[in-house]
Each structure stands twice: as C-alpha cells, then as structure tokens.
Amino acid sequence: MELLKKLYKVYSPSGKERAMIKCIWNYTKRIPGTKVETDTAGNLYITKGEAESYPCIVAHLDQVQRLHSKDFLPIETGEIIFGYSSRNKRQEGLGADDKNGIWIALKCLKRYDTLKLAFFVSEETGCVGSGKAVMDFFL
C-alpha cells in the first residue's frame, strides 16, 4: 500500500502531470527489462520483455481533484485511505479515480515478464492524451 499512498500524494491536475510522470519513471527504472518512451503530448509508454503480442494496461495521469494542500497526506485507517490536511483541519480528495489504475498497472509491471503500459495526460479535459496516442505502440 506504500506505493498507492505515494501516488495519492502526487498532485497531478490536467496539464500538470510532470510530478506523476517523474514518479512513474523513477519507479519503472528499478524494474529490469523495461523500456520507457514518451511522445510529443507527454504520454508515457512502457514495454517490458519481448513478445509477439503483449497484454496492455492503460491509465491516465491527471486527476479531477483540485483541492490538494501542501501538507496533504493519505491516511490509512484499517481498510480505508483518505486524504487529510492537518493545517486546514479537513479531509481532501485523493484524486484516486485513476491513481488506483496507475497503481495496478505498476504492480503488474513488476509481477509479469511481458507487458505494455500506456499512461495518458489530460484525459479529464477531453481525452487529450489518448487522442494524440502513438497507435503503433499498441500493434
């Protein structure tokens, strides 16, 4: 759950996904056999292993949640994780809509020998990243 909480801490609204890209890039470079590429839109494409065809997992990097205080922390209580700002004394959203998808994709990348992952930017503002995807990656 530490990786998931780390992802929740990264603030990544549409158009400002650079911190999330860096987080994924740093995680991925520790996994042997992975190749990371980007396109002009800023999408990430990750390939692990060699195969004729690959299973592929896709997620988006941006979040709808705008409220994210500088002291934001994901708090785990039993089976529940919620966001909290102690300075503002309030709960804040995790931006979890697809950070959960990113987490699952990265866990699969670590577990399986052959896999492709695609992470798109600015999906919450009209499928910007997927609209500019390098389709040859999926062949």
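Val-58 sits opposite Ala-118, a residue of β7. Before going further: this is a predicted model. Strand β3, residues 56-60, and β7 are joined by five bridges and run parallel.

On to the other neighbour of that strand. Strand β2, residues 44-48, is also joined to β7 by five bridges, but here the strands run antiparallel. One of the pairs is Lys-48, whose bridge partner in β7 is Leu-115.

What order do the strands take in this open sheet of four? The order is β1-β2-β7-β3, and the pairing is mixed. At the edges are β1, residues 34-38, and β3, each of which pairs on one side only. From one strand to the next, the twist averages 15 degrees.

Now the helices on this sheet. Helix α3, residues 96-111, packs on the sheet and touches β1, β2, β3 and β7. The direction of α3 makes about 155 degrees with that of β7. Helix α2 lies across β1, β2 and β7, and runs at about 15 degrees to β2.

Is β7 itself mostly covered or mostly open? Mostly covered: six of its six residues are buried. As a general point, side chains in a regular strand alternate between the two faces of the sheet. For β7, one side has Leu-115, Leu-117 and Phe-119, the other has Lys-116, Ala-118 and Phe-120, and all of these are buried. Note that the list includes a lysine, Lys-116.

Thr-125 is placed in the loop between β7, residues 115-120, and α4, residues 128-131. Its relative accessibility is 47%, so Thr-125 counts as partly exposed; the cut-off for exposed is over 50%. Leaving out residues up to four places away in sequence, Thr-125 touches Ser-14 and Asp-62. Phe-72 is 53 residues from Thr-125 along the chain, and their C-alpha atoms are separated by 24 Å.

Next, the other sheet. This one is open with three strands, in the order β4-β5-β6, and its pairing is antiparallel. Why is one side of β4 and of β6 left without a neighbour in the sheet? Because β4, residues 73-77, and β6, residues 90-92, stand at the edges, and each has a single partner strand. Neighbouring strands here are turned against each other by 50 degrees on average, with direction ignored. Helix α1, residues 2-9, packs on this sheet, where it touches β4 and β5. The direction of α1 makes about 145 degrees with that of β4. Strand β5, residues 80-85, is joined to β6 by three bridges, and the two run antiparallel. Within that pairing, Ser-85 has Arg-90 of β6 as its bridge partner.

Last, the pocket. The largest pocket holds about 180 Å³ of space. Which element gives the most to the lining of the largest pocket? That is helix α2, residues 18-28, with three residues. The lining includes Gly-15, Lys-16, Glu-17, Arg-18, Ile-21 and Lys-22, and also Thr-38, Ala-41, Gly-42 and Val-121. By type, the lining residues divide into four charged, three polar and three nonpolar.

That is what I have; questions are welcome.

Technical notes: Residues numbered from 1 in each chain as written. Predicted model: local features only at pLDDT ≥ 70, side-chain atom pairs only at ≥ 80, totals over all residues. Heavy atoms only, no water. 1 Å grid on protein atoms, 1.4 Å probe; cavity = no way out; pocket = protein on both sides within 12 Å on 5 of 7 lines; lining within 4 Å. Points joined across faces, edges and corners; volume = space filled by probe spheres on them. Nonpolar A, V, L, I, M, F, W, Y, C, P; charged D, E, K, R; others polar. Pairing = 2+ DSSP bridges. Axes fitted to C-alpha atoms, helices over the stretch in contact; angles between N-to-C directions. Contact = heavy atoms within 4.5 Å. Buried < 20%, exposed > 50% of the residue type's maximum accessible area, 1.4 Å probe, protein only.
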